[in-house]
Amino acid sequence: GRIVITSSEAYAGLAKDGIVYVFKAGDCEELAGVIEKIYQSGIIVPNEKAIEYVRKNHDLGALINKIMAYFSV
């Protein structure tokens, strides 16, 4: 539920959903701007969208089920 800031282009789609904040790699001014935006917005509550995304896509139980399904075919 913590705020995630990344320069990875792989997560650009998640930024549209408000799950992560993205800045251009190597652009320290843009990073500072993103941090300032977050600070000024007063975001201090857990990000429910991010929590649900992690549960859906990175949960260990779900991963085990996917592995079992793969080898059951």
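Here is the tour, stop by stop.

This is a predicted model, where local features need pLDDT of at least 70 and side-chain atom pairs count only at pLDDT 80 or more, while totals for chains, interfaces and linings use all residues. Residues are numbered from 1 along each chain as its sequence is written, and side-chain values use heavy atoms, leaving out hydrogens and water.

Colour by pLDDT (the predictor's confidence in each residue, from 0 to 100). The protein chain has a mean of 84, with 93% of its residues at 70 or more. Confidence is highest in strand S2 (residues 21-22), at 91, and lowest in H3, at a mean of 80. Helices (H or I, at least four residues) and strands (E, at least two) are DSSP runs, numbered from the N terminus.

Next, select Thr6, which sits in strand S1 (residues 5-6). Is Thr6 buried or exposed? Thr6 counts as buried because its relative accessibility is 14%; buried means under 20% relative accessible area, exposed over 50%, and partly exposed in between (1.4 Å probe, protein chains only). Now show what Thr6 touches: Tyr11, Val20, Tyr21, Val22 and Phe23, not counting residues up to four places away in sequence. Contact here means heavy atoms within 4.5 Å.

Last stop: Tyr70 and Phe71. The structure holds one aromatic pair, and these two form it, edge-to-face, at 5.1 Å centre to centre and 85° between the planes. Rings of Phe, Tyr and Trp (its six-membered ring) pair if their centres lie within 6.5 Å; planes under 30 degrees apart count as stacked, over 60 as edge-to-face and the rest as tilted. Both Tyr70 and Phe71 are exposed.
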